[in-house]
Amino acid sequence: MCGIVGYTGHRQAYPVILKGLKRLEYRGYDSSGVALLHNQNLQVHKKKGKVADLEETLIGKNLEAQIGIGHTRWATHGEPSDRNAHPHLSSGGEIAMIHNGIIENYALIKQELVNKGYSFTSDTDTEVLLNFIEDIKKNNECSLEDAVRIALKRVTGAYCILLIEQSNPDTIIAARKGSPLVIGIGKGEHFLASDASPIIEYTKEVVYVNDYELAIVKPDELILKNLGNEKITPFITKLDMELAAIEKGGYEHFMLKEIFEQPNTIFDCLRGRLDAKEGMIRMSGVDLNIEAINKANRIMIVACGTSWHAGLVAEYIIEELCRIPVEVEYASEFRYRNPIIHPGDIIIAISQSGETADTLVALEKAKEKGAFIFGVVNAVGSSIARISNAGAYTHAGPEIGVASTKAFTGQLAVLMMVALNIAINKGTITQERYKELLVELEAVPEKAQAILKNANELKVIAEKYKDAHDFLFLGRGYNFPIALEGALKLKEISYIHAEGYPAAEMKHGPIALVDENLPVVFIATQDVYHEKIVSNMQEIKARKGKIISIITEGDKTSPTLSDDCFSIPPADEIIAPILSVIPLQLLSYYVGIAKGTDVDKPRNLAKSVTVE
Ligand code: F6R
């Protein structure tokens, strides 16, 4: 939520910041802005809309500066508008600031400032924090760095802030709590950003700033301190990411590119871990902690959105293979109730971004109570990865399309390996079944490729149903969470209302929706429920609903009941969800395209939800 970029060095700051904002636009795209400092002249430009709108307004302007900050916003306080866009300027006009996060006690601070005669030009909590900092600086006659430190001790909430001031020609002050900040280290230059994507073009050496740390960043110097003003030695990490991974590579949209990358990303996820020939899985995160895992009386899975759906699939698989009870929790609910957690409980945290605020806070609470956190995370070095006691990365590479696709199949692949690893260690699976499933899992990338070859069939189906007002997605067993995921994808990308249900539950209510205008998508691959789901199709057909079914190649029955079918290669029912979701991702993509939506940046959404 909100992307921030900063630069100080020998280059022109504006092009670096602009390119960085475009890379971070997936984090929010309600408005954007830049502040540039040159010869004590602090200029701020901001604009409602996408980064391209800002860029257009700045054509022909003198933007000379070697230091600057930029922001792309996902609105929290105040509607998307020029006025609420960041950067904000302090009342005195000498300090500019950008902010990602929410200041929870802003109303109280604002009232104090209003009483002192401050007035505000925006509705944002950011402007309140900025004027609070300015007020402290004036009253204490201290440096900006000291004022920031004093102010942050009083604020509650989440923030990553970057500030520049007129009187300080080359220094950016930055601080974070709860919202991410990465600093890239170049030769005589530093880059600051919400994630590494704006940085990798220039340097691979980065420092991930931790909560409650403050950075004083000059072209030749990076000083990290805690809020107690003690210096901290920056820990430099080498980025393992290539520029090509964050570019479209000839695809029209990131979402399509990411869907088509899945044979490779799933392969990368399995590589080095799964060896079907040897009949083994090596996952150090599980292997090194196997005793703790084996002792667990239950596993809790905490996540949001698509990652929560991956958790639901994992629930079915872990209970089946490992015979450990599993509870899947929405992180946003888990964090506010008083969940019963015993020391030694295992929590699997699933997150693409590794920065989702609800998940992060839920984990902090569980960790305090003694839970063991196992992270299934995509973004390397992210906050959730760092808070986890152990884990396994999904290795899907940067996911830029706002709707999650390749991260989801990566999560499923990791969770399946985790379940198989635990099961073989616990002895809850036979060697024969274990080996059979390893072979099945190893075959997934090739089968995913076969599905993608037929993508055009889904384009045709999408065209046919694009004008529907509602969709129903039905699945049973391992494919029930896939029905939820299919519905979520369609809602996000096409703005068509969609519901996912367990197919048998449909007759307890949703069946009332069925008429000749309702497309019903069945995930009806071959499994133990197949006959049952065929009966559910009959029930829809009898009520004239339109049936689109995702079936296994060779299924002779389902096509006779369906208006449209898409076949996927045969796969074991435990493995099938990684494959059955791919046609649903494509269906949403093509419906979105047919309706003319902005599929990479659907309205109101942002990737990486760092506010609660
Ligand atoms: C849906 C989607 C979201 C995320 C959710 C959790 O396409 O992307 O529902 O899955 O916001 O995000 P992460 O996985 O980053 O914690």
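A cavity here is a set of points, on a 1 Å grid over the protein atoms alone, where a 1.4 Å probe fits but cannot get out. Grid points are joined across faces, edges and corners, and the volume is the space filled by probe spheres set on those points. Before we go on, note that residues are numbered from 1 along each chain as its sequence is written, and that side-chain values use heavy atoms, with hydrogens and water left out. Because the model is predicted, local features need pLDDT of at least 70 and side-chain atom pairs count only at pLDDT 80 or more, while totals for chains, interfaces and linings use all residues.

Helices (H or I, at least four residues) and strands (E, at least two) are DSSP runs, numbered from the N terminus.

The structure holds three cavities of 30 Å³ or more.

Next comes a space that is open. A pocket is an open set of points with protein on both sides within 12 Å along at least five of seven lines. The largest pocket has a volume of about 860 Å³. It is lined by 37 residues, and Met241, Asn378, Ala379, Val380 and Pro398 lie nearest its centre. Its lining divides into 15 nonpolar, ten polar and twelve charged residues.

Now find the ligand. There are 15 residues around it, and Ser307, Ser351, Gln352, Ser353 and Thr356 come nearest; a residue belongs to this group if one of its heavy atoms lies within 4 Å of the ligand. An N or O atom in the side chain of Ser351 is 2.6 Å from an oxygen atom of the ligand. Ser353 likewise has a polar side-chain atom 2.6 Å from a ligand oxygen. With Val402 it is a polar backbone atom that lies 3.4 Å from an oxygen of the ligand.

Within the protein, too, side chains can meet. The side chain of Asp572 makes a polar contact with the side chain of Arg433 at 2.8 Å. A polar contact is a pair of N or O atoms within 3.5 Å; within protein, one must be able to donate a hydrogen and the other to accept it, and residues adjacent in sequence count only if both atoms are side-chain atoms. Asp572 lies in the loop between strand S27 (564-568) and helix H21 (576-595). Is Asp572 buried or exposed? Its relative accessibility is 14%, so Asp572 counts as buried. Buried means under 20% relative accessible area, exposed over 50%, and partly exposed in between (1.4 Å probe, protein chains only).

Helix H17 (residues 455-465) shows how burial can pick out one side of a helix. Its buried residues are Ala455, Leu458, Ile461, Ala462 and Tyr465. Seen down the axis of H17, they fall within an arc of 110 degrees, so they line one face of the helix; the arc is that of the directions from the helix axis to the C-beta atoms. On the other side, Asn456, Val460 and Lys464 are exposed.

Finally, visit some backbone details. A cis peptide bond, with omega about 0 degrees, joins His86 and Pro87. Pro87 is in the loop between strand S4 (67-73) and strand S5 (88-89). Asn39 has a positive phi of about 50 degrees although it is not a glycine, and its place is in the loop between strand S2 (31-38) and strand S3 (41-48). Asn39 counts as exposed because its relative accessibility is 67%.

Conventions:
1 Å grid on protein atoms, 1.4 Å probe; cavity = no way out; pocket = protein on both sides within 12 Å on 5 of 7 lines; lining within 4 Å. Nonpolar A, V, L, I, M, F, W, Y, C, P; charged D, E, K, R; others polar.
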